[in-house]
Structures are given as C-alpha cells and as structure tokens.
Amino acid sequence: MLAGKRILLIIGGGIAAYKALDLIRRLKERGASVTPVLTRAGEEFVTPLTVGALAGEKVFRHLFDLTDEAEMGHIELSRAADLVVVAPCTADMMAKMAGGHADDLASTLLMATDKRVLIAPAMNVRMWEHPATRRNQSVLLGDGVLTVGPNEGEMACGEFGFGRMAEPLEIVAAVEAALGEGPLTGRHVLVTSGPTHEPIDPVRYIANRSSGAQGTALATALRDLGARVTFVTGPASVPPPEGVTVVKVETAREMLAAVVAALPADAAVFAAAVADWRVANAAGSKLKKDGSGKAPSLEFAENPDILATVSAIKERRPGLVVGFAAETDDVVAHATAKRARKGCDWIVANDVSPGTGIMGGSENAVTLITESGAEEWPRMAKDEVARRIATRIAEALA
Ligand code: C5P
C-alpha cells in the first residue's frame, strides 16, 4: 500500500508515455497521490488534460510558469514528494540527469530534489545499448538513482530487444520498494546463488559454469518487493545486487554454514549450482610435478545437500523452501521426484537440453512444481522469471 505517499511523476517524451496514464491509476488505487510533470516532448504523446484528469491534480509543465512560482516554487515542488519517478525516462532525459542539466522544469526538479529518484527508461534498443547511454546509466547508478526496466520485447518502432518501458505494475512494485513498502516488507528471504569452488590444493579448484545470473535476478526481485534479502553466493561472474546482505563463500560446506547462520528466514530460495562432490584429499600445499610422470589421484567425498538439509531441519525451517532443477528430459517427472526427495516445497524446473538456448542465454522456460502439481510458464526473460517467482513467494507468504 502507498497510502499517504506523494509521488512526483515526470512523464518524458516517448511512446511509452501512454503507460504512464495507467501508472497514475495504479498508484492512486494504492492510496498514493500523484503530482504530474509533463515535459514538452511528453505533451506530444499524452495531453495535459488526460494526465491531469487521471491524477486529479494540476499538471506542471513549464519552468517559468509564474503562477506556479507564486503558488509553489520548483524547489518546493521537487521536495514535497516522497519519491520522484520518471516514466518514461528517455535517453535524452538520462543524459541530462547524468550531466546535471537544468534547462526545463523536469530537469530542474531532478537537480533540486532531495528525495530518491526512480527512473523507468524507455527507448529504442540501439539507443539503450549505445555507449553514451551505458555511460549515463552507470553515472546515475553511482548517484543513487533507482532504475526499473527496461524490459526485453517488441518495440513500437518494430525492433526487438531491451528498451521497452517496465509495465505499470512493475513500476508500482519498484515505487513500493523504494519507499520501503512492498508485499515482502518485514520478511527475510535467503537466496543461494552461483557456483561453488572445491579446492584441489591452495591454487586449484573444481568449479562449474554457473554465472549466478538467475540467483542474482531473484535476489533483486525479492528486494524490490521489500524483502530483507541475505544473498549467499559462491564465486559468481555477475556482481551481487545492491541493497542486499551479501555473504561470499567458496565451498559447499561454507555455503551450508552461511545458510544455517542466516536463519531464521521466512523463505529460502536455493538457486546455487552446488558441487555434489569435493576433493577429499585436497592438498595443503600446491601439488607439484615430481618428474616421475605420475599424476596425482584425487579422491572425492560427497558434499552436503544444502537444500535437502534445510528442508529437513526441525527448528527454524523457513516457511517456504524453493529449490531449482535443471533437467534435460522428462522435466516434470524428474522435477516432481526431486521435490519429494529433497523435501522442499517448490521446485523451479527448467529444460536445459541442448537446442533450447536456455543455458547461458537470457531467456528461460520454467515449470513450477508445487504440492498442487506442475505449472508450465511461457518462455520469458530470466529477469521476468525472477519477478514472477518473487511475486509467487510474496503471495505464498501473505
Ligand atoms: O540435486 P540437484 O543438484 O539437481 O538439485 C538442485 C537443487 O538443489 C538446487 O536448488 C540446488 O541449489 C540445490 N543443491 C544444494 N546443495 C547441493 C546440491 C544441490 O542446495 N549439494
């Protein structure tokens, strides 16, 4: 709920401006008040009349509107809100923000505000991928600006890729998270992610190809719904999300210890690709060739199954335990059996057979196995999968 919260909504000039109209409605439904600011380019896409009628408030448009200055100066306008939202945020607006420009009402408000700013970028895929936009985005990130989207998909210009503005409900979730309000506010969720490294000697290890992308996306989505997230990660290749408690581990046994130490949790999601085996006779010093041509022989010991261990603990078992299963055939049968074997509540199964392009790709096709059966989800971006799982977790804990 956003009861009593005040949002200053800057509507930039892009075709996605039509979604800002729905966003106003959704924010108001949740009890927020919306003060709209329409840029000159934004007015080309939606009219001040529509925006004002939906918001039920005056629409601010020009910096040098003297009446506005008499009633409320732009400094005050920028600070009366609890959060400033820019949706759609164009490439040009991002550039202005990153450069600190203040040559119209919107950019001046963004410079003058002392509140957090959330942007929902929307632009053509090439503009989103352009080095200038990449640069601007990292500047904005460093400035503490929050971002929601863009999503991958078909665009109004007919191209396909990242650049579509996040959907209104995703923006609402990001607003709630930014204001510390969300369906998971007050909840603690544990996420494991990434591969583990099992040492052979002090310089060598056995690992796997997990990037940590899905676990990171999940932690991000859970955080955005307001959860306090403990993110226990092996040495992943993608950076951990901001705003979560990161616990870095290397081995499966360290991961288990970190997970147990992080309990209690309302929910735990085990997205890590944990090594099933470790080297039992790992050497204390670097193994050396002794010239005899004889290779060292490694002995293996089974690692603890973290998911099964946490599912089975009597005290402090999280209310909801979610495991993952990467399968290449008979996905539903294997994943259903895995759910029973591991004692977890849900299994998120994906078909990683060659040809699906899922392994290492940006999309995933998931089947959710719960006690009520198997639910096949359409193929979608991994971030979207994460948001859906996070939403389901929020519903299950409600
Ligand atoms: O048995 P399998 O590796 O296919 O099961 C995958 C699920 O179990 C994932 O959720 C993974 O994080 C978890 N797992 C674990 N500890 C292990 C092996 C797997 O938590 N040692």
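Here is a walk through the ligand site and a neighbouring arginine.

A: First, the ground rules: this is a predicted model, where local features need pLDDT of at least 70, side-chain atom pairs count only at pLDDT 80 or more, and totals for chains, interfaces and linings use all residues. Residues are numbered from 1 along each chain as its sequence is written, and side-chain values use heavy atoms, with hydrogens and water left out.

A ligand oxygen sits 2.3 Å from a side-chain N or O atom of Lys 338, and an oxygen is 2.7 Å from a polar backbone atom of Ala 272. A ligand nitrogen is 3.0 Å from a polar backbone atom of Ile 306. The protein covers 85% of the 450 Å² of accessible area (Shrake-Rupley, 1.4 Å probe) that the ligand has on its own.

Pro 304 also touches Arg 278, contact being heavy atoms within 4.5 Å. Arg 278 lies in strand β14, residues 277-279 (strands are DSSP E runs of at least two residues, numbered from the N terminus). Arg 278 is buried (under 20% relative accessible area) but has no salt bridge (a Lys or Arg side-chain nitrogen within 4 Å of an Asp or Glu carboxyl oxygen), and the nearest side chain of opposite charge, Glu 198, is 6.0 Å away. A polar atom of the Arg 278 side chain does lie 3.0 Å from the backbone oxygen of Glu 302.

How values were computed:
Helices (H or I, at least four residues) and strands (E, at least two) are DSSP runs, numbered from the N terminus. Buried means under 20% relative accessible area, exposed over 50%, partly exposed in between (1.4 Å probe, protein chains only). Lys and Arg count as positive and Asp and Glu as negative; His and the chain ends are not counted. A polar contact is a pair of N or O atoms within 3.5 Å; within protein, one must be able to donate a hydrogen and the other to accept it, and residues adjacent in sequence count only if both atoms are side-chain atoms. Lists of a residue's contacts leave out its neighbours within four places in sequence.
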